[in-house]
Amino acid sequence: MQQPEGTNTPAQVGVEAGTQDDARAIRALWAEMARGWAAGDAALFAASFAEDCDFTTVRGDKPFGRAGVAAGHDALFQGPYAGTVLDARVVAVRFLRPDLATVEAESTVTAPDGQPLTTTHALAVVERTAQRHWLISAFHNMIPAPRPVQQAPDSKDSTVDEPTAARPRLRHLAIVARDPEKLAEFYSSVFAMELFHRDPDGSCFLSDGYLSLALIKHQLDGETPVGFNHFGFHIEDTAATTEALVAAGTPKPAERFTNRPFAEYRAMDPEGNWFDLSEHGFGGPRPPSDSTGS
């Protein structure tokens, strides 16, 4: 039957009539997550997610469902992010139909002393349940990539030959520093590197758009000396790289048990120099030719 001119279809009515109230309910999910984070309550944080939600972390891990989200964040609240605060901001809500929408959100984790530690960007899918409650059914988190410094068109170094996709790429350097914050300010002001992550202990992570630089906080009671510590390769295939390392006579790479979302394995060259291996990258800006990263 033809609709009279000036009237809406049922789907249009649902979107137009429900958008404002539904948008408020959707934004409340992120406010609830922030409350759970501030309280260190992983169950409250995870309550915004559907029981079978599809969740992807910045490093590409996929905890299963609401229970997995709660377990993963409980470990964070008890460990590196104890006492931190989450500032969660919904940037955009787009209704695909009255009971389904996509959400863009930005979040910043702040240390107890007020220092921002890391900022992430998420794309989520939210659905309205039969009980008319909105829940997050899919959530993909990522560290946004700032734009690399642009060189003048006539600069001799304005083009960089990128290695082929299959070749491991040197993408990471790490220095143990007495004052990472001061050193980060030096590299930011002199070389225009961009700070993209802070650890709760004060370690700082910068990038020039191609290489990440980790400035690791020196522990006074530790044995690690100040200065250059290790480097890292962004690789395509951990198994193939491991096979090549073992064939070259070096120890099999060891899995890194760390709360930092950057490197997955630690290896050693024939002279005992440490280096990291990561399929996901090391955070910060990615080169234009990189199709994978954190």
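Tutor: In this predicted model, one aromatic cluster is formed by Trp37, Phe45, Phe49, Phe55, Phe77, Tyr81 and Phe139. Of these residues, Phe77 belongs to helix 3, which runs through residues 65-78. That helix comprises 14 residues, and the distance from its first C-alpha to its last is 20 Å, close to the 20 Å expected at 1.5 Å a residue. Phe77 is buried, as are Gly65, Gly68, Val69, Ala70 and His73 in helix 3. The spacing of such positions may be read against a general rule: an α-helix has 3.6 residues a turn, so residues three or four places apart point the same way.

Aromatic pairing can also be considered over the whole model, where the count comes to 15 aromatic pairs. Phe231 and Phe233 provide an example: their ring centres lie 5.8 Å apart, within the 6.5 Å limit for a pair. Their planes meet at 80 degrees, and because an angle over 60 counts as edge-to-face, the pair is assigned to that class. The two residues fall on either side of the 20% limit for burial. Phe231 has 17% relative accessibility and therefore counts as buried, whereas Phe233, at 25%, counts as partly exposed.

Leaving aside residues up to four places away in sequence, Thr102 touches Ala92, Val93, Arg94, Leu96 and Ala124. Ala124 is 22 residues from Thr102 along the chain, yet their C-alpha atoms are separated by 5.6 Å.

How values were computed:
Residues are numbered from 1 along each chain as its sequence is written. This is a predicted model: local features need pLDDT of at least 70, side-chain atom pairs count only at pLDDT 80 or more; totals for chains, interfaces and linings use all residues. Side-chain values use heavy atoms; hydrogens and water are left out. Helices (H or I, at least four residues) and strands (E, at least two) are DSSP runs, numbered from the N terminus. The expected span of a helix is 1.5 Å times one less than its number of residues. Buried means under 20% relative accessible area, exposed over 50%, partly exposed in between (1.4 Å probe, protein chains only). Rings of Phe, Tyr and Trp (its six-membered ring) pair if their centres lie within 6.5 Å; planes under 30 degrees apart count as stacked, over 60 as edge-to-face and the rest as tilted. Contact means heavy atoms within 4.5 Å.
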